[in-house]
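These are my notebook entries on a single chain. I set down what I looked up, entry by entry.

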Amino acid sequence: MTFSSFQFFLHSQVHSGSGTCSRLAEFVHGLGGKRVVLFTDKGLTQAGITEKIKKLLDQTVKPVQLVGIFDEIEQDAKGEKINRAAQFFRDRQADALIALGGGSVLDTVKGVKWLLHLGKQDIHESLKPVEQITLPEAKPIPIPHIAIPTTAGTGSEVSPVAVIFHEKYQKKANLFHPYIAADIAILDPELTVSLPPEMTAATGMDALTHAVEAFFSPTAHPYTDAFAIQAMQMILKHLPVAVEDGNNLEAREQMLIASSMAIIAFCFSLTAVPVHNLSHALGARFGIPHGLANAVLLPTVMEGLPSFYQPRIESFSKIIGIPPAIDAVTGFLREFRKNVGLPDTFADWHFTPELEQELVSLVKQDPAGIYPIPDETILRIVREVFDQSINT
């Protein structure tokens, strides 16, 4: 493996363990926060998890006050929702952010934090399709920020990236900033036990895809390899257990840790990520959940781009203990996907051949589309994952 210069930076403190949420007020106080807004979604409110976090803050003896709950966040972080959430924060004269939920909630709050830092009302005015602010230009954002993931997949609680749907461009934009990650990430497995098996599997495969893409990235380096390899091994061991027995706190905790490690590897080797490239495009066009999109696409993309994966396939094969060949790796991934109960294709989504050229265009326009995938390869992959038998 060869590598030249690289950058590695971790901003978030990670606190892991069953019941860690009980220290929430202590963490807010330690960061200097006094007036907190809790950001989440309706699903978690209906499940009673929002109320659980509210009680933890209401019962504190420290000078920390919950001044509002914003639970209007929907699937995918959206610019308009970020604008409304930031105004909600200002109207309550709040000074601290708590994000409770999956990737959409966590990314929305990153967008809120950045918008507040800019002192602007509309995120669309400042967010380009790719907004990359790196060290040393990036400056700390002094707004106390705690993230509590309720899924083990995106790792957004520790990542310096937010994926935000930009209504003006009608596409997802990527915001890179080392200080938009939470100051403290709380990995409490007790908050993930209610996650249904299918969602547990899909989010877990999202984390696995982060690790795999980080490992095969042309800019992988020793730091990203360390996180990616460890994350892969943990996911392969613990995801089937978490899917089979959602109340297994050890498996749930290990998946939360692996998810955070995988996204760190992914974000710091983010140059060529062809699986995510296709996943973003197809997911946005058809409304396919991101984790499921990655799960279906991962082995098919690897088979479609053998020259991209070949340089490290032997090392990867040793990690998972199979023969050093792409077909052996993809066969293993397909069997693993089957074992956690996920489908092989997107056959449940309506697809017609007339959409093919539109999808090629969407893949090429995706901000993650750095690696040039040939049109015929895109078409072959798309036809396979939609279970089409159309001749090329």
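**Entry 1: the model.** I am working with a predicted model, in which local features need pLDDT of at least 70, side-chain atom pairs count only at pLDDT 80 or more, and totals for chains, interfaces and linings use all residues. Residues are numbered from 1 along each chain as its sequence is written, and side-chain values use heavy atoms, with hydrogens and water left out.

**Entry 2: H4 and H5.** I looked up how helix H4 (residues 79-91) meets helix H5 (residues 103-118), and found an angle of about 60° with the axes 9 Å apart. Helices (H or I, at least four residues) and strands (E, at least two) are DSSP runs, numbered from the N terminus. Axes are lines fitted to C-alpha atoms, for helices over the stretch in contact, and angles run from 0 to 180 degrees between N-to-C directions. H4 and H5 are therefore oblique to each other; angles under 35 degrees count as roughly parallel, over 145 as roughly antiparallel, 65 to 115 as roughly perpendicular and the rest as oblique. The crossing of H4 and H5 is right-handed; a crossing is left-handed if the near helix is turned anticlockwise from the far one by less than a right angle, and right-handed if clockwise.

I then noted the residues in contact (heavy atoms within 4.5 Å). On the H4 side they include Ala-85, Ala-86 and Phe-89, and on the H5 side Val-112, Leu-115 and Leu-116 are among them. By class, the contact of H4 with H5 has 7 nonpolar, 3 polar and 1 charged residues. Here Ala, Val, Leu, Ile, Met, Phe, Trp, Tyr, Cys and Pro count as nonpolar, Asp, Glu, Lys and Arg as charged, and the others, Gly among them, as polar.

**Entry 3: H6 and its partners.** I found that H6 (residues 197-216) packs with H9 (residues 274-286) at about 140°, the axes being 9 Å apart. H6 and H9 are therefore oblique to each other. His-210 and Glu-213 of H6 are among the residues of this contact, as are Pro-274 and His-276 of H9. H6 also packs with helix H8 (residues 249-267), at about 35° and with axes 8 Å apart. H6 and H8 make a left-handed crossing.

Entry 4: In an unreviewed entry, UniProt lists residues 200-362 as "domain: Fe-containing alcohol dehydrogenase-like C-terminal". I computed 74% helix and 0% strand over residues 200-362.

**Entry 5: salt bridges.** I counted 16 salt bridges, each a side-chain nitrogen of Lys or Arg within 4 Å of a carboxyl oxygen of Asp or Glu. One of them joins Lys-52 to Glu-190, with the closest N and O atoms 3.8 Å apart. Lys-52 lies in helix H3 (residues 49-58) and Glu-190 in the loop between strand S10 (184-187) and H6, so the pair ties together parts 138 residues apart in sequence.

**Entry 6: backbone details.** I found a cis peptide bond between Leu-135 and Pro-136, with omega about 0°. Pro-136 sits in the loop between strands S6 (130-132) and S7 (145-149). Asp-76, a residue other than glycine, has a positive phi near 75°.

Methods
UniProt positions renumbered as here; feature names shortened; annotations may be inferred.
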